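Please have the sequence and the structure open while reading.

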Amino acid sequence: MEHNTKKVSKGLLQSDELYQYILETSVYPREPEPLKELREATASHPRAEMATSPDAGQLMTMLLGLVDAKKTIEVGVFTGYSLLLTALAIPEDGKIVAIDVNREPYDQIGFPIIKKAGVEHKIDLIESEALPVLDKLLEQHGNEGSFDFAFVDADKVNYWNYHERLMKLLKVGGIAVYDNTLWGGSVVMPHESTPEFMKPGRQYTIELNKSLADDPRREMGSNKRKVLKGLLQSDDLYEYILETSVYPREPEPLKELRKATASHPWAGMGTAPDAGQLMTMLLGLVDAKKTIEVGVFTGYSLLLTALTIPEDGKIVAIDAHREPYDQIGLPIIKKSGVEHKIELIESEALPVLDKLVEQHENEGSFDFAFVDADKENYCNYHERIMKLVKVGGIAVYDNTLWGGSVAMPIKYIPEGRKPGRQSMIELNKLLAADTRVQISHASVGDGITICRRLH
């Protein structure tokens, strides 16, 4: 593991220490050497903060793999961190159309490292304003609906113009990623409190988020109830994400179940809706049909899975206490017409998982797994799930940042939270070292770790 002593900014999280923890435990240990070299070389640039953050890069790498990206487009390059991670992820004959109005930082810092990595042949870098290039691509026969992936980190004033063109260039099922869409958290700051230099970008980002929420062509990864900030820097920022990107696309049955769960004394155990939104996208990207869930509670994550998988899909769900599910979730699930997809087993999870593993036909047969249960057994669950999930399948572990306590000194942790904190620290170390999986530590909800089985 790399121990980078350079102080990092917390980004959008509650503390610098939590962000550093994510980088040190989950990102830096898996960062390829060429990316590490480019990140460190970029750090000396006067505008180093323009570079793609390495945790965002880790999630992008996973998304590139999930869509089997071969032909991609990038608007905004800077020194080329995101460009290099894309070039390393796509196949040998893959191609990237990269556009930047000023290629000097790339030529001086990124290109020598990219050339040394042996992937420069995959990159067609065009020095130009982006809109004319995108328009020209659309004019050329064969480009429409041909790109697998797009990444935009450029002038915010044109994000919506880029989006309109990318929706024509991307194939159905392709992915477009837009960076800086919370603009340092300023999207929820009063206008008068926002620094002058941030105001234009803030306004364009707010407009983009509203437009994306209303765009029926894409799936995104109003509730007046006050929400807790989760791992973010403020309640207002977390509420903004929910209000602009999550709640507008939340299916009515999920909305009904979330509201019904809110009255339960242990409502905090429910899957966070922003984490659920990302899970829905992951389920679609792997075309999940057969899934497993350890820990159900009232069934929010179970229902979102049942709504996403096909009519003949199946979920094996395990919980030691099915009462909250029966009382709150099941009536809504029945009304939604997806009850037939669910086999709920009331039991401790390890005996059920062991029995599934013993049945030879189950080995490598599950497309997706979600774990939100007793934290002390997460490592045990992981070992069994790695036998059950197929190569290319996804396992998601919830609460892996444990309220941010994984990065706090032990003396500040309430006694009741110490065991869970220790279990999550041990799990994060285990996952970082597990070569069977590609990982991404996403700071949605209470922290989820996404594992894609490689072999």
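Is Y397 buried or exposed? With a relative accessibility of 0%, Y397 counts as buried, where buried means under 20% relative accessible area, exposed over 50% and partly exposed in between, for a 1.4 Å probe and protein chains only.

## Basis of the report

This is a predicted model, in which local features need pLDDT of at least 70 and side-chain atom pairs count only at pLDDT 80 or more, while totals for chains, interfaces and linings use all residues. Residues are numbered from 1 along each chain as its sequence is written, and side-chain values use heavy atoms, with hydrogens and water left out.

## Aromatic pairs

Rings of Phe, Tyr and Trp (its six-membered ring) pair if their centres lie within 6.5 Å, and planes under 30 degrees apart count as stacked, over 60 as edge-to-face and the rest as tilted. By this rule there are three aromatic pairs. One of them is tilted, because the ring centres of Y159 and Y178 are 5.9 Å apart and their planes stand at 50°. Y159 is buried at 3% relative accessible area, and Y178 is buried at 12%.

Y378 and Y397 also form a tilted pair, with 6.0 Å from centre to centre and 50° between the planes. Y378, at 0% relative accessibility, counts as buried.

## Charges over rings

A charge sits over a ring if NZ of Lys or CZ of Arg is within 6 Å of the ring centre and within 35 degrees of the ring normal. K290 lies over the face of F366, 4.5 Å from the ring centre, and the charged end of R417 sits over the ring of W402, at 4.5 Å from its centre.
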